Amino acid sequence: MPKKLILPYLCLLYFINYLDRVNIGFAGPNGMSEELKLSATVFGFASGVFFIGYLILEVPSNLALHRFGARRWIARIMISWGIVATAMAFVPNGTVLIVLRFLLGVAEAGFFPGIILYLTYWYPEKERARIVALFMVAVPISTALGATFSGLLIQWTDWRTMFLIEGLPAIALAFVTWFWLPDKPETAIEEPQKEHWPLKKALTHPRVLALSFVYFGIVYGLYTLGFFLPTIIKGLAPEANIVERGLINAIPYVLGAVAMILWARHGDRTGERKWHVAAPMLLGGAAIPVALYLDNPIAAMVAVSVCAIGVCAALPTFWALPTSFLGGTAAAGGIALINSLGNVSGFVAPYVTGWLRDLTGTQKTGLWVVGITMVSAAVVALVQRAGTEKV
């Protein structure tokens with residue numbers, strides 16, 4: 001596979017990966033929760049339990065990729081998650097749904113940090129935020145297009161068929177990955193020498209753990225929006241049909257995709273990283289609670305869109321922080337640890353948000369927690385040392 005095709009291909013894989021991860025958010029308010037008799041707490045738990053399995057195997061999976069090569073390991077991950085994702089079409093009750101979501105996390109473990117590690121093989125540090133942004137733009141695009149596509153599938157068929165159709169591409173593309181994705185470039189990238197950390201240091205150093213919390217804050221906002229925005233929109237626009245709600249759901253993510261690329265380019269051009277992570281987090285963290293007190297649906301969507309812009313803008317620039325001082329096996333383990341600990345929020349966010357909604361009868365308390373978490377993580381990002389400084 002030529003180098004110029006690698007990044008678009010990885011974007012396609014991540015598009016499918018992220019859609020299979022969050023399409024439960026589209027199924028929930030469109031028949032699944034009613035058919036399976038799921039409370040908001042159970043739905044939130046099923047949405048988030050994915051990340052428990054993800055957390056357990058993330059570091060070992062990324063170390064395996066570093067050892068065995070990207071081609072074989074990414075293909076193995078894809079066929080595993082594709083099988084579980086299609087099995088979601090046949091779930092009979094909430095218990096089986098929770099089990100399959102857990103297994104989906106186990107199957108997907110290592111995919112995202114593996115790709116981040118893989119990109120360091122191909123692109124130098126000075127270009128990394130922009131390249132990661134082009135890769136991660138699959139997140140808002142999959143949510144934007146996926147909301148409409150999933151809505152159409154549910155409208156034309158049902159939520160079970162949606163799971164089936166959206167799970168099959170991962171299995172098909174696993175074979176493409178196995179036969180055509182190169183493990184590494186033929187010529188290594190010349191970069192300034194990084195400090196050679198042993199794996200144990202990368203997994204226990206306070207700097208890596210602090211970055212894990214920063215990523216926790218970003219992802220907390222991302223997954224709260226991903227899992228609950230369709231439900232929020234249904235409440236804001238009850239008269240809209242499923243496709244119209246899907247189009248409304250796409251608006252914040254289209255804006256987020258544009259902001260993601262432009263902000264990452266600015267970060268690469270200036271070389272500044274900390275404020276490029278913290279500033280959009282502060283913006284998004286402040287915007288989400290504001291949306292709760294706006295009676296006008298349009299004004300509320302503007303506030304939600306600002307939050308999505310903040311989350312999306314922070315994501316790619318964040319990954320320029322750990323990759324600026326970790327290399328080799330330490331990078332494989334450190335990146336995976338940051339991603340796995342950060343993605344604990346993928347469990348905490350939907351579960352806590354759903355639990356607080358059941359407890360209080362409103363979304364307000366849960367979304368206040370989102371804002372506070374993002375602002376706290378932004379503060380931690382600001383006190384981090386610059387990537388080029390000695391630890």
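Q: Is Trp-319 buried or exposed?
A: Trp-319 is buried, at 0% relative accessibility. Buried means under 20% relative accessible area, exposed over 50%, and partly exposed in between, with a 1.4 Å probe and protein chains only.

Q: What kind of model is this?
A: This is a predicted model, where local features need pLDDT of at least 70, side-chain atom pairs count only at pLDDT 80 or more, and totals for chains, interfaces and linings use all residues. Residues are numbered from 1 along each chain as its sequence is written, and side-chain values use heavy atoms, with hydrogens and water left out.

Q: How many aromatic pairs are there?
A: The search of the whole structure finds 17. Rings of Phe, Tyr and Trp (its six-membered ring) pair if their centres lie within 6.5 Å; planes under 30 degrees apart count as stacked, over 60 as edge-to-face and the rest as tilted.

Q: Why is the pair Phe-213 and Phe-216 stacked?
A: Their planes are at 10 degrees, with the ring centres 6.2 Å apart, so the pair counts as stacked. Phe-216 is buried at 16% relative accessible area, while Phe-213 is partly exposed at 33%.

Q: And how are Phe-318 and Trp-319 paired?
A: Edge-to-face, 5.1 Å centre to centre and 80 degrees between the planes. Phe-318 is buried too, at 0% relative accessibility.

Q: Which residues are in the cluster linked by ring pairs?
A: Among them are Tyr-14, Trp-81, Phe-135, Phe-318 and Trp-319.

Q: Switching to charges, which ring does Arg-71 lie over?
A: Arg-71 lies over the face of Trp-178, 5.3 Å from the ring centre. The criterion is NZ of Lys or CZ of Arg within 6 Å of the ring centre and within 35 degrees of the ring normal.
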